[in-house]
Amino acid sequence: MLGELVERNEQLTCLEAALSDCLEARGGVAVLEGPATTGRTDLLRALSERAGSAGIRVLNAACSREERSLPLGVMTQLTRGLQLPTALTERIARISEAELAATSLGGATNPLAPFLIWTIDALSTLLLDLAEQQPLLVAVDDVGHADLLSLHCLLHLVRRIPSTAALLVLTDDGQPWSWQSPPLVGLLRQPHAAHVRVGPLSRAGIEIFVTQTMGVDAAVELTPAFQAASGGNPALLTALVKDHWAHGGPTAQGYGRTLVTYLYRAGAETARVVHALAVLGPEGTAHDLATMADCGVNEVRRVIEPMTAAGLLADGWFRHEIMYQAVLDDISDPVRVELHRRAAALSRDRGARAATVACHLVAADQTTAPWGIRFLLDAADQALVDDDHDRAVECLRLAHRSTADERRRSAVLARLTRVEWWTNPSSAARNLSGLLSAAGADMLNRDDQLELIRQLVWDGRLSDVPDLLGRRYAASRGDGDGEPRHIEVWLTVVAPLLGRRSGTRRVPAEAVADAGDPWLRSVAELASLLNRGRLATAVPMAEQVLADARIGRRTSWLDEAVLLALLVLVYAEQLTTAINWCKEMISTASGTPRAMALAVMSEALVRQGDLAAGADHAHAALAQLTPGAWGAAVGLPLGALIMATTRMGDYETASAHVARAIPEAMFQTRYGLHYLHSRAYYQLATGHHHAALGDFLACGELMRGWGLDLAGLVPWRVGAAEAWLRLGNSDQARVLIRDQLPRAGAEAGRARALSLRLLAATSPPNRRTPLLTEALDILEMCGDRFEQARVLGDLSRTYDTLGQKRRARPLFRQAMHVANLCQARPLSRELLSEWGEEVVEPGPAQDNGPARESLTEAERRVASLAVMGYTNREIATKLYVTASTVEQHLTKVYRKLDVKRRQDLPVDLRAELSRTRG
């Protein structure tokens with residue numbers, strides 16, 4: 001046992017010298033002094049084992065705070081197992097009965113009463129007699145908690161011990177004697193007593209300890225961390241070693257529980273002070289802790305200073321977060337509430353930040369003082385500045401529950417709802433009925449009413465909007481108050497029936513009044529341009545809104561402006577620009593704004609043909625916010641996910657989302673169009689052509705009824721025409737296509753390309769080539785790879801029908817390559833079913849990526865047309881160059897790519913050229 005102790009050689013040497021004196025009949029007293037948990041008991045146990053091995057009789061007693069009132073409790077422990085004289089046994093029993101009776105009456109027996117003096121002398125004499133028979137070691141652990149009568153006995157023994165073969169060894173926490181009882185002070189201040197100091201281990205001692213238990217390599221790696229987490233305290237160090245073996249690091253059940261166990265042993269006063277420290281924080285002074293713990297400053301110091309000396313605390317604070325959390329978890333709920341309540345008052349009185357005061361109020365979950373509401377609201381504002389929405393919600397919820405004044409309570413509820421919407425719209429939706437009641441009672445200000453309208457639309461409670469908007473108009477301050485008008489213009493593109501009902505008719509952007517929230521004005525201006533189909537004009541404004549949003553003050557209308565600006569870019573086919581902005585928003589935003597950016601990005605990616613990435617971002621959007629939290633806007637991410645999984649052939653996933661319950665109000669909003677359009681393509685892909693046609697025509701009916709018939713939103717005529725073709729009615733398909741083509745101008749090139757492809761499908765084979773070639777050029781500019789693959793497949797079929805297999809086969813291989821890039825498995829299977837696998841790969845793939853980078857734009861164009869099977873003369877005609885120039889370009893391409901003929905050119909050159917253009 002002695003060999004296992006670390007850094008205790010000096011103490012052991014002193015104690016062994018005292019044992020040697022005892023064996024030579026030179027009795028004495030040794031006091032092991034040091035903070036609790038630093039190894040005093042281990043030293044005492046080691047000394048007892050050494051004494052027993054040396055033939056010394058050992059009597060042990062361990063004192064505890066709980067047994068301090070037990071008369072002669074320590075002496076009873078020491079004499080247990082000894083044959084006591086009958087008279088002494090009876091006297092001890094009488095003393096115990098008398099002491100207990102006196103204590104129950106509120107008094108105590110005088111230790112110097114004659115019948116007690118006889119007993120004290122008899123017990124001391126008994127121990128001295130034992131020393132005459134055999135050297136004696138009397139070991140008393142934690143003597144500071146010994147009962148008073150036992151202390152008198154030990155003091156009586158000490159006065160007679162020097163000339164005997166007896167050694168009395170005591171352990172004590174080393175507290176100043178002025179704080180202790182007179183007999184204990186007399187016992188510890190014996191002039192011939194040897195005082196042996198025990199403290200925490202040094203860094204070297206910690207390294208030795210870890211080496212003994214875990215090995216040299218572990219000691220080198222772990223000693224610095226163990227020193228910081230234990231402060232050299234043996235109990236903490238032992239717990240750390242055990243935790244590391246079992247769990248790889250400190251745990252609340254091991255390391256953290258060590259301190260909690262100490263608190264139980266140290267007593268209620270120590271626990272109260274340490275609990276107060278945990279609640280108040282490291283900035284608390286001794287006076288603050290005394291107030292918190294209902295004790296004096298001296299009592300606080302008697303707790304904190306020994307714990308710091310023992311290494312249990314570092315500079316008056318917990319050494320590790322796990323230790324701190326273990327102490328917090330140990331506090332009962334009623335005590336914790338009261339401590340936090342007191343901490344809030346103390347923090348306020350000493351001028352702490354609102355966030356600090358509010359933290360305690362929230363932890364207490366109550367505030368009755370009027371000042372508490374003010375601190376909670378200020379703390380919520382600061383939390384929003386710090387982007388800590390959860391903390392802001394906690395503060396606002398408590399402020400709302402604690403506010404008695406109804407008008408102020410309504411204002412707090414509006415603020416709470418606004419913040420909750422940023423993190424969890426489902427939670428915010430629970431407040432909408434209360435806010436509607438407050439608005440009806442004229443208890444919401446103008447901004448809160450306008451905010452409520454937006455929240456109602458998002459949640460799909462559209463029937464409540466007209467009345468609230470009417471109230472806003474009734475309270476309008478005249479022509480200068482343009483905010484109700486802004487709302488109406490916005491409604492024309494998000495829930496158009498509401499906007500139309502209120503009388504808005506294609507309001508010019510310049511006519512929107514310049515008043516109120518600037519972000520609401522931006523929303524109205526974008527909505528006006530979208531409503532009138534002026535996407536080309538809306539694009540630069542959308543980009544400006546997104547740029548300004550980086551430094552804009554956070555409001556819900558800012559979020560709506562960002563969402564609308566991103567969608568304008570998507571509808572205007574500025575897909576790469578939209579994706580780049582979405583990436584920035586996703587990396588910097590959180591909660592609902594991040595979910596919106598994810599949803600828009602999924603739509604843009606699907607329109608580019610990047611189906612897997614589109615599905616991933618749609619899944620992420622629906623994970624950021626549950627479908628219920630999306631409200632009526634769920635059609636945006638859901639539509640992108642259904643379209644992506646359908647085109648990838650994952651019909652099981654698509655079917656599950658088609659079958660998902662959705663709010664009926666979604667179909668009264670723009671978001672319902674995205675869902676209907678995607679569901680229609682799912683029906684088309686799974687053979688339900690009539691159902692698909694119904695969904696496409698429903699989109700058209702809604703868009704025409706709303707006055708929002710934009711091909712960039714959803715090209716419903718193209719989808720309906722494809723459904724008619726599947727049903728064998730090419731005449732109806734041609735009618736829709738010819739209706740769509742004039743509408744698909746420069747701002748809707750993708751819709752024109754889709755229309756041209758279907759027009760080709762209804763035309764004779766000899767008239768299809770120019771239509772498909774124009775469609776392919778447009779799609780390359782738009783960057784839609786999925787539709788490129790479809791057009792390439794149609795071109796390959798057309799050339800095959802015309803007997804031009806030399807052109808058809810390269811186009812087929814290119815169509816297969818692009819379809820595989822999109823992971824469009826149904827399209828790949830369709831192409832394979834027509835051509836077979838023998839023409840899929842023209843030869844072994846070559847790793848010529850660096851060589852491709854060296855191709856000029858002109859060389860890429862010539863090579864891509866050569867891949868498609870065009871002759872040099874045909875290429876020259878298409879590019880308006882000479883045949884000789886084409887030949888020169890091809891020669892350079894062959895040399896750079898290390899191929900000998902055009903059949904060896906990579907089939908994906910045209911797709912690569914498309915991405916370069918996009």
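**Salt bridges, cysteines and local backbone features**

At a relative accessibility of 30%, T211 counts as partly exposed. In this predicted model, T211 is placed in helix α8, which spans residues 203-214. The C-alpha atoms of T211 and L222 are 9.9 Å apart in space, with a separation of 11 residues in sequence.

The structure contains 43 salt bridges. Within helix α14 (residues 297-309), E299 and R302 are 3 residues apart, about one turn of the helix. These two residues form a salt bridge in which the closest N and O atoms are 3.7 Å apart. E299 is partly exposed at 22% relative accessibility, and R302 is partly exposed with a relative accessible area of 27%.

A salt bridge is also found between E488 and R485, with the closest N and O atoms 3.1 Å apart. Both residues belong to helix α25 (residues 483-494) and are 3 residues apart, about one turn of the helix. E488 has a relative accessible area of 3% and is therefore buried, the cut-off being under 20%. R485, at 32% relative accessibility, counts as partly exposed.

R750 and D784 meet through their side chains in a salt bridge with an N to O distance of 2.8 Å. This pair links distant parts of the chain, 34 residues apart: R750 lies in helix α40 (residues 749-761), and D784 lies in the loop between α41 (768-782) and α42 (785-801). Both R750 and D784 are buried. A network of salt bridges with shared partners joins R647, E722, R726, E787 and R790.

Negative charge gathers in a surface patch formed by D386, D387, D388 and D390. Of these residues, D388 is located in the loop between α18 (370-385) and α19 (389-402), and its relative accessibility of 35% makes D388 partly exposed.

For C395, which is in no disulfide, the nearest cysteine sulfur is that of C359, 8.3 Å away. C395 is buried at 0% relative accessibility, and C63 is buried at 8%.

Most residues other than glycine have a negative phi. T37, which is not a glycine, has a positive phi near 70° and is placed in the loop between β1 (28-33) and α2 (40-53). Y880, also not a glycine, has a positive phi of about 60°. Y880 lies in the loop between α47 (872-879) and α48 (883-897) and counts as exposed at 78% relative accessibility.

Key:
Residues are numbered from 1 along each chain as its sequence is written. This is a predicted model: local features need pLDDT of at least 70, side-chain atom pairs count only at pLDDT 80 or more; totals for chains, interfaces and linings use all residues. Side-chain values use heavy atoms; hydrogens and water are left out. Buried means under 20% relative accessible area, exposed over 50%, partly exposed in between (1.4 Å probe, protein chains only). A disulfide is a pair of cysteine sulfur atoms within 2.5 Å. Patches are made of residues with over 30% relative accessible area and no salt bridge: like charges are joined within 9 Å, nonpolar side chains (Val, Leu, Ile, Met, Phe, Trp, Tyr) within 5 Å. Accessible areas come from the Shrake-Rupley method with a 1.4 Å probe; for residues, only the protein chains shown count as cover. A salt bridge is a side-chain nitrogen of Lys or Arg within 4 Å of a carboxyl oxygen of Asp or Glu. Lys and Arg count as positive and Asp and Glu as negative; His and the chain ends are not counted. The place of a charge is taken as NZ of Lys, CZ of Arg, CG of Asp or CD of Glu. Helices (H or I, at least four residues) and strands (E, at least two) are DSSP runs, numbered from the N terminus.
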